[in-house]
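Colleague: Before I set anything up with this model, could we go through its packing and its backbone geometry together?

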Amino acid sequence: MNFADLGLSESLLAAVEEAGYTEPTPIQSQAIPPVLMMKDIIGIAQTGTGKTASFVLPMIDVMAAGRRRALMPRSLILAPTRELAAQVAENFEKYGKNHDLKLALLIGGVQMGDQIKALNDGVDVLIATPGRLMDLFERGKILLNGCELLVIDEADRMLDMGFIPDIEFICSKLPETRQTMLFSATMPPPIEKLAKKFLNNPKRIEVSRAATTNKDITAFKVPVKPRQKQETLRWLLDHDQVETAIVFANRKTTVRELNKSLQGYGFRSSEIHGDMDQSSRIKELERFKAGEVNILVASDVAARGLDVKGVSHVFNFDTPWHPDDYVHRIGRTGRAGAKGRAFTLVTDDDAEAIANVEKLTGNGIAVFGKGDVRVELVEKPRQRDEDEKPARKSRERVPREDTEHGSEHGAERETAPPKQARSRRRDERDTNEQSAPGEWNGPIPGFLDVSAV
Ligand code: ADP
Ligand code: MG
């Protein structure tokens, strides 16, 4: 199937070609024709398979006819996070470069002035997070009754408990005869049932069963004791040929502490979570995208929709509490046909949570064992030769003795390794630096022995 067979305009096909796409993905070839026919849609396809273009491309052609008016956007795309809304806007700009369409990005945490001005000038496409949209609506800066097309990206997230009152309110302000489209990789049945009340005779497009994980992701679970989590994560970061990784934790405090700890061990990491101001969130995500840091420690604010090229690994430092989050978190790797690896650290307390994940995805997750390690494991440490030059020294790995690791937080914090642990780590570092690339001749970590039986 070619893009040219889908009924898109020539100028749009030119933009698609420039984006470097040679053929449509399954969700694109199945969704684009019905979207062009103004049908309501529930579109389910795995993470990283091009759902965005499956609604943005036909929307551009639909919007190309008609005129914009002040304060009355003609279409609306809702997304659960500011970063995702911004990314959808970037997609719109990329594919819509040959069209005269105006878009406005309405997200919280940034000034309203430019957003209000754009609305006054008239927009064809509004891309928004619900909070800011409601705010502007209540201030009378926007009218939604000219909005004949609605897309809800990450729809199941948007229709769960926290967001549903906002979505209900927004939908009540839109015209009743409109086109509505929902997209996600997951769609729990109760949410789909609820979703139907926003839709009119929808066409359900399910490229793959909801909540199945992308086939390009190799996933492992790593049984660990709670106190071994940080050490295990560092070992994996060092030995699984990690290029770029997102590390998810369940709590914002864990995100902060883990990032500081990793930085203290010399990793190039940064963090993103909902307690940061928006400019910092944007800045840290940009630094990650630009490769200034290669590890992003994140809360679930980064779990949905974000498309960062070259993410080779996802680590669940904590097993997610909600099984759907697992699908989305690991879906930050293995995108657009690239291969990815995903590791989930599992403690005894996580038994139920990981069982729920396996039930939801319909797949058991392999336990990470010696055979899965990418470097060669040599049981006996090599004799150290003091004169020998380090064969691999990709970065300094000296733990910093800064305040974050000092007395301020006491020994309770995992980030303040007790003396004994620290000297053991120094040994590990030294032997590591002596080893040839692709070889590990330090002690075999306990979690591998556990998993090998
Ligand atoms: P999803 O929403 O399904 O998780 P995205 O829409 O974010 O996926 O797309 C994932 C990646 O795939 C993006 O980097 C996008 O540029 C790329 N992509 C989309 N469509 C195609 C295509 N037809 N061919 C190649 N790459 C594509
Ligand atoms: Mg998406």
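Colleague: Leaving out residues up to four places away in sequence, which residues does Val 247 touch?

Modeller: This is a predicted model, so local features are read only where pLDDT is at least 70. Val 247 belongs to the largest nonpolar core, a set of 116 residues, and is there one of the three residues, with Ile 127 and Ala 298, that touch the most other members. Once residues up to four places away in sequence are set aside, the residues that Val 247 touches are Leu 233, Leu 258, Ile 295, Val 297, Ala 298, Phe 315 and Phe 317.

Colleague: From which domains does the shell around ligand 1 draw at least three residues each?

Modeller: The shell around ligand 1 has 15 residues, and the closest are Tyr 21, Gly 50, Lys 51, Thr 52 and Ala 336. By class, the shell divides into five nonpolar, seven polar and three charged residues, while by element its largest share, three residues, comes from α3. The domains that each supply at least three residues to this shell are domain 1 (3–206) and domain 2 (217–448).

Colleague: Which elements do the buried residues of α2 pack against?

Modeller: Helix α2 covers residues 26–36, and its buried residues are Ile 27, Gln 28, Gln 30, Ala 31, Ile 32 and Val 35. As a rule, an α-helix has 3.6 residues a turn, so residues three or four places apart point the same way. The helix is followed by Met 38, whose phi is positive, near 65°. The elements against which the buried residues of α2 pack are β1 (41–44), α3 (51–64), β6 (179–184) and β7 (203–206).

Colleague: Is Asn 201 buried or exposed, and why?

Modeller: Asn 201 is found in the loop between α9 (189–195) and β7, and its phi is near 50°, a positive value in a residue other than glycine. Most residues other than glycine have a negative phi. Because Asn 201 has 7 C-beta neighbours inside 10 Å, and a residue with 12 or fewer is classed as exposed, Asn 201 counts as exposed.

Colleague: And is Ala 211 buried or exposed?

Modeller: Ala 211 lies in the loop between β7 and β8 (217–223), and its phi is also positive, near 75°. The count of other C-beta atoms within 10 Å of Ala 211 is 23, and the cut-off for the buried class is 20 or more. Ala 211 is therefore buried.

Colleague: What percentage of the residues in the protein chain is buried?

Modeller: The chain has 16 helices and 16 strands, and of its contacts between residues at least 6 apart in sequence, 78% join residues at least 24 apart. Out of the 453 residues in the protein chain, the buried share is 45%.

Note on methods: Residues are numbered from 1 along each chain as its sequence is written. Chains are lettered from A and ligands numbered from 1 in the order in which they are written. This is a predicted model: local features need pLDDT of at least 70, side-chain atom pairs count only at pLDDT 80 or more; totals for chains, interfaces and linings use all residues. Helices (H or I, at least four residues) and strands (E, at least two) are DSSP runs, numbered from the N terminus. Two residues are in contact if their C-beta atoms, placed from the backbone, lie within 7 Å. A nonpolar core is a set of buried Ala, Val, Leu, Ile, Met, Phe, Trp, Tyr and Cys residues joined through C-beta atoms within 7 Å. A residue is near a molecule or strand if its C-beta atom, placed from the backbone, lies within 6 Å of it. Ala, Val, Leu, Ile, Met, Phe, Trp, Tyr, Cys and Pro count as nonpolar, Asp, Glu, Lys and Arg as charged, and the others, Gly among them, as polar. Domain bounds come from an automatic or database domain assignment.
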